[in-house]
Number of protein chains: 2
Amino acid sequence: MTVEIDVQQAREQLVMINPQPFNAEAPPRALGAEITPTREHYVRSNFALPVHDGTLSVGGAVDRPLSLTLADLRALPAVEHAVTLECAGNGRLDTRPLPTGEPWGGYAVSTAVWRGARLSDVLAAAAPRPDGVEVCFTGADSGSYHLTPVLPETGDHLTFVRSLSLAHAADPASEILVAYDMNGEPLEPDHGSPFRLVVPRWFAVASVKWLRSIEVLTRPFTGEFQTGHYVYEWPDRPHEPVTYMRVRARVTDPAPASTIPAGTCTVRGKAWSGTGPVTAVEVSLAGAGEWQAAELDPPRGPYEWQSWTFTWDATPGRHSLRARATDAAGNVQPDVPPWNRLGYGNNAVEVQYVDVVGQ
Amino acid sequence: MTVEIDVQQAREQLVMINPQPFNAEAPPRALGAEITPTREHYVRSNFALPVHDGTLSVGGAVDRPLSLTLADLRALPAVEHAVTLECAGNGRLDTRPLPTGEPWGGYAVSTAVWRGARLSDVLAAAAPRPDGVEVCFTGADSGSYHLTPVLPETGDHLTFVRSLSLAHAADPASEILVAYDMNGEPLEPDHGSPFRLVVPRWFAVASVKWLRSIEVLTRPFTGEFQTGHYVYEWPDRPHEPVTYMRVRARVTDPAPASTIPAGTCTVRGKAWSGTGPVTAVEVSLAGAGEWQAAELDPPRGPYEWQSWTFTWDATPGRHSLRARATDAAGNVQPDVPPWNRLGYGNNAVEVQYVDVVGQ
């Protein structure tokens, strides 16, 4: 089955931040829904849209190398989950000093229903050998990339490759998908057609799109997107790889810098974390002021954001409005963005203001 | 002459941030003009609008105590200057952690033409005694104020009082005004009628409104608004009083988070400093990117902001946009807001984004 997708039309509802490679935020309204419509789901690409030959090779340190088609993947047991994906650079524009990198505001986060085969099943079929330690995932996307200095092996031509530990990748409980459907339809080009990885709880860099090959490695992978980019380069402590999404709440209503009438206002938002469900959201309505508990919906599933509301008696004047989430692991949002050179993982409490008018 | 001013009507064009005491930002368009129309000039008050009895007493350590009327002040030699006034809390909403205090965004800055008597002439007429060290200025405004703990002398009832050194106040070169006209008209109630201090180059807290008395002191003044509020409470170095405005540039066009067509775009803005004219404005159009020189207008007068422009060939996509000013004293804007407990003097480089669409 071939579905012709008009790529330009598929992008119309997004807020484009880079035409080439195409990167775009979700429209602000998209954060109001539990499930993001496909064409409102943010898009992150590192290269131009690739051509994919329709096969997925599984090899490296395995006893049974495989070459799988979309039909082969669909023939495996299917798993379906709503998964919140967030770009590791989401919120970069709010960090100071402003780091280098794509100028993401706060809308590089979305939640879609993903359906696919379990990565653990795919790996089990290939029978990894005992000396395997990592699994690396290669996308069909490649091209020139701004690197200073350029790499001796590849020059400035790179392919998007990421790895996970074999223990993580092969564990059925990880529920990592080789996904082929998004919101009940085959993947669209910008979302990794014909199939992609979806790694729950991790920043979306791990969810390799346009997946072309899976290779079991007997030593750790050290490619550019594993050890150059997507690393927290802290100024004052050892560097760390970007892994789990960090606990975060966002206000979806009222909009930042909006003017609303005085009276009862229901403040709404979303909250999520890669390190456990969110257990509390608090709201503050004055600078350095006290925090009050919001009503937090229980998780609808293990991998998706949660909605919250707060009833506010809005009085005339300007109010600073903040929301702060805490997760089951005890992580809480910091007040100051955690600065690192490439601007990843900003989960600081956001400050917005609302101007209230009338009686 | 009595002029009836409809206070509500006078406030209609402002962006109100607190109804009582009345505090309001200039509308964003106001920063585009060289001179701010009176009813677009931001307003900062600490208490309700006061009743003023029309007299100004000059006393304390002086040989000739005076009681002056508006007519007496108008009979003195008049001086007129365009003066940029900025609230010390301007930009507080952009500091992290969010400090306590009025939630000023970035529009508590305006430039009006002020006309009045020289403070140095008023003081000379009263003949300060040689043991005078400071001059304190009392406004007619007073009321309850949120203080924890309350002061033993006054409880939570305070009057707005500020001081300057006698050397500064009595120097004709300071050109401090006891102003009675603003933009060619008698002062309006929100701007300190019938007369107020205008202290060029200083954050506007020094420009006491509704001026009721001037008193020469033989020891430093230690009132709440001198040593409690309007002090930089740095976390890691000695506290300092709020004095001169800090060097700062703002972008007035394009507006923050706006969408503009691709092509030539003239970026416009204002820049000012209390420590000398602005000598350079630079613009950056990418995160952590290079700075390029903007065209900076020479000062139109010694106490007012300067306009600048930058011609930008805007290409499709999102662009982070920053402007950075340097003044004649060598001061340059920092990348990170200079955090202090009460959130004063934030002159950090602002980051805004612009989404450019089309070809």
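**Entry 1: the two copies.** I laid chain B on chain A and got an RMSD of 0.0 Å, with a turn of 180° and a shift of 0.0 Å along the axis. That is the relation of a two-fold axis. For the superposition I used least squares on the C-alpha atoms of residues with pLDDT of at least 70 in both copies. The same surface serves both copies, as 100% of the contact residues of chain B recur in chain A.

**Entry 2: ground rules.** A note to myself: this is a predicted model, where local features need pLDDT of at least 70 and side-chain atom pairs count only at pLDDT 80 or more, while totals for chains, interfaces and linings use all residues. Residues are numbered from 1 along each chain as its sequence is written, and chains are lettered from A and ligands numbered from 1 in the order in which they are written.

**Entry 3: where the chains touch.** I found 26 residues of chain B in contact with 28 residues of chain A (in contact: C-beta atoms, placed from the backbone, lie within 7 Å). Strands E1 (15-19), E22 (317-327) and E23 (351-357) of chain B each give two or more residues to this side; strands here are DSSP runs of E with at least two residues, numbered from the N terminus. E1(B) gives the most, with 5 residues. By class I noted 15 nonpolar, 7 polar and 4 charged residues on the side of chain B. In that scheme Ala, Val, Leu, Ile, Met, Phe, Trp, Tyr, Cys and Pro are nonpolar, Asp, Glu, Lys and Arg are charged, and the others, Gly among them, are polar.

**Entry 4: domains of chain A.** The assignment gives domain 1 (7-241) and domain 2 (248-357), with bounds from an automatic or database domain assignment. Their centres, taken over C-alpha atoms, are separated by 28 Å. I see 28 residues of domain 1 in contact with 24 of domain 2. On the domain 1 side, strand E5 (residues 78-86) of chain A supplies the largest share, 4 residues. That side divides into 12 nonpolar, 11 polar and 5 charged residues.

**Entry 5: a sheet in chain B.** Which strands make up the open sheet, and in what order? I read 4 strands of chain B, E15-E17-E21-E20, with antiparallel pairing (two strands pair if DSSP finds at least two bridges between them). E15 (248-253) and E20 (295-296) of chain B stand at the edges with a single partner strand each, so one side of each is left without a neighbour in the sheet. I also checked E17 (residues 263-272) and E21 (residues 306-314) of chain B, which are joined by 9 bridges. Gly263(B) has Ala314(B) as its bridge partner in E21(B).

Definitions and conventions: Two residues are in contact if their C-beta atoms, placed from the backbone, lie within 7 Å.
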